[in-house]
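Open the model in your viewer and keep the selection tool handy. We will go from stop to stop, with a note on what to look for at each one.

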Amino acid sequence: GGLQRRAASENCTLGEQAQKASLSARTKGHQKTPSQNTSRDAGEFSQPTLPVVSNDLPPKQGHGRSKSEGKRRIASLTKHRRGKQRLQRLQRIRRAEFESLPRDQQQALRLAFTSADANNGGSLDVLELPVACKALGLLPRNKSENAIFKSICEEVALLGDVDFYIFWSEAVPRIRSEFGSMRSQRFWQRFVEFDCDGSGYLSKHEVLQAIERLLMPRLDHELLDALRAGVEALFPSVRGLGKGEIDFEHFEKLVVQLEERHQRMAADRELWIITSENLSTEDISNCRHELISLHSSYMGVAAASGETGYQTLNSQQMEHLLSELGLLPRCDDAVGVFLKECGCGDIESFSFKTFMRIIRSRRLREKHSASEDMGVLFAKLDRDSSGELSLEETFELIEKLGLGPASRDERDEFEKLLFEVIGESCLSITFDRFQELALRILEHSRSIRRWEEMRTASELGFERVELLELRAAFSSLDSTGPGMVDAQRLHELVIRQCPALSNLTWKGCLKKAGVTSYVE
C-alpha cells in the first residue's frame with residue numbers, strides 16, 4: 001500500500017511538471033506586463049481549460065485582416081494621389097492656355113465670371129453659369145439656340161459647381177462652337193451680299209459694312225468706332241497671305257469674335273445712357289431694345305447744329321428727328337400735331353428724357369390705332385378660338401399685314417424678335433404679344449432703312465446736316481406709299497435742289513446720275 005501511494009504521488013508530481021512545461025512553451029514570447037500579471041491569480045493557469053491556448057488564433061486572424069486593409073488603403077491613396085497630380089497638370093495646362101489669350105479676352109472672361117458669382121465663392125452653380133455666359137456676350141438669338149445653350153450649361157454643371165477654368169475652357173468654347181454652326185448660314189448670306197464682284201473675298205471696307213449690317217440696330221457712333229477699331233486690329237490676323245482680303249472661313253471667325261465683343265459693349269453702352277440721361281424704368285419701357293439707336297439719332301441731330309457740348313432740341317430739330325425715325329404724320333404742321341397727340345404741344349426744348357417719353361407715347365398710340373384691324377385678322381386665323389396663334393399662323397398674319405420677310409435672312413431676324421418678345425416658350429402667341437411683335441418688326445425695318453440711308457449718304461459725301469435737309473425735302477412730297485414718291489414728284493425735287501438740271505428730262509437726270517434702273 002505504501003509503495004502504491006508513493007508511486008501515485010510521483011505520477012502526480014510528474015503530471016504537474018508536464019503541464020507547467022507545456023504552458024511555459026505555449027506562452028513563450030507572449031509575456032504580460034507586470035500590471036497584467038498581477039491582475040491574475042497565480043493558480044489560474046493550472047486549471048484544465050487554458051484560455052491562453054484558445055485565444056492564440058483570433059489575434060493571428062485579425063492581424064491578417066489589418067494587412068489586407070492596409071494594402072487596399074495604400075492602393076486607394078496612390079490612386080487618389082495620381083488623380084490629384086493629373087488634375088494639377090490639367091490645371092497648369094489650362095492656366096498656361098488662359099495666360100496666352102489676349103489681355104482684353106482674359107479680362108472679359110474674368111469679369112463675366114465674377115459678375116455671376118453672387119456669393120463670391122469662386123464657383124458657379126447651374127443657375128449662375130448661364131448668367132456668366134450671357135455677360136460674356138453669348139446670347140441665344142432664337143428658340144433653337146436657347147435650347148442648345150441651356151443643354152450645354154446643364155451638362156457642364158451636372159457634376160457640381162463650375163470653377164473659372166471649367167467655365168472658360170469647357171462651357172464657353174462649346175457654346176461658341178454651337179452658335180457658330182447654327183449662325184453660319186446667316187453669316188454666309190451677309191458675305192455674299194457684300195461680295196459685289198463674286199470673287200469669294202471681302203476687302204476690309206466690305207467686311208466692316210457686312211458686320212455693321214449684322215449688328216444692327218444696336219449701333220451708335222461710339223460702338224461703330226469701337227467696331228472699326230476691332231476690325232483694324234483683327235483683320236491682319238485673319239486675312240490671306242499676301243492678300244488684303246479675307247475668305248468666308250476667316251470672315252466667320254472674325255464675326256464671331258466681334259459679335260461677342262459688341263454684345264458686351266452694347267450692354268455697357270445702354271447702362272451708360274440710362275445713367276447719364278437719368279432714365280427711369282418707365283422711360284425705357286417698350287423701348288429698351290432700341291435705346292442705343294434712338295440715342296444715336298437724337299445726338300446726331302443735335303450735333304448737326306454745329307454747337308458743341310450736350311444740348312436739347314428745338315421744334316425744328318425735333319421735326320428732323322421724327323422724320324428720320326419715320327414717325328412724322330403727313331399733314332400741315334406735322335410736328336405740332338404729333339407733339340400735341342403726345343401731350344407735349346407746349347414744350348419748346350426737348351431733352352432726351354422727354355424725347356423717350358414722346359416715343360413711348362407714340363408707340364402706345366400706334367398699338368391702339370392698329371388693334372381693331374389687327375384684331376379682326378387675328379381672330380380669323382385663330383381657328384380653334386384659343387386666343388393664341390401658332391408660329392405658322394403668326395407668320396401668316398405678318399404676311400397679311402404687309403410686314404412679311406422678303407428673304408430667309410429676314411425671317412431669321414423675325415424669329416429673333418419673336419424670341420425676344422415671348423421668351424422660351426415660342427410655341428404660341430397671344431394677341432397682345434402679337435401687337436408688340438408687329439411693332440418691333442416695323443421698328444426694325446425702319447432702323448435698317450435709316451442705316452442704309454446713312455451709309456449711302458456717307459459714300460456720296462453728304463454731311464449729316466445735308467442728309468437731314470434732303471430727308472425733310474423728300475418727306476414734303478406727296479407720298480405714294482411708306483417712304484416712297486412717284487417719278488414726277490422726285491423730278492420736281494431734283495430740279496429744286498439742282499437748278500442746272502432743269503433742261504433735262506427725268507430719264508436724262510437719272511442717266512447723268514449714273515442710275516441704270518428705277519421704278520416709276
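Where is the place of Leu460? Select Leu460 and you will find it in the loop between α19 and α20; helices here are DSSP runs (H or I, at least four residues), numbered from the N terminus.

A word on the ground rules before moving on. Residues are numbered from 1 along each chain as its sequence is written. This is a predicted model, in which local features need pLDDT of at least 70, side-chain atom pairs count only at pLDDT 80 or more, and totals for chains, interfaces and linings use all residues, while side-chain values use heavy atoms, with hydrogens and water left out.

**Stop two: Leu467.** Now pick Leu467 in helix α20, residues 464–475. Its relative accessibility is 12%, so Leu467 is buried. Beyond its neighbours within four places in sequence, Leu467 is in contact with Met454 and Ala457 (heavy atoms within 4.5 Å).

**Stop three: helix α21.** Select residues 487–497 and colour Ala487, His491 and Leu493, the buried residues of α21. Look down the axis: these buried residues fall within an arc of 160°, so they line one face of the helix (the arc is that of directions from the helix axis to the C-beta atoms). Gln488 and Arg496 are exposed on the other side of α21. The cover over the buried residues includes α20 and α22 (506–513).

**Last stop: Phe434.** Go to helix α19, residues 431–459, and select Phe434. Is Phe434 buried or exposed? Phe434 is buried, because its relative accessible area is 0%. Among the residues it touches, leaving out those up to four places away in sequence, are Met374, Phe378 and Leu397. Phe434 and Leu397 are 9.4 Å apart, C-alpha to C-alpha, and 37 residues apart in sequence.

Terms used:
Helix = DSSP H or I, 4+ residues; strand = E, 2+ residues; numbered from the N terminus. Buried < 20%, exposed > 50% of the residue type's maximum accessible area, 1.4 Å probe, protein only.
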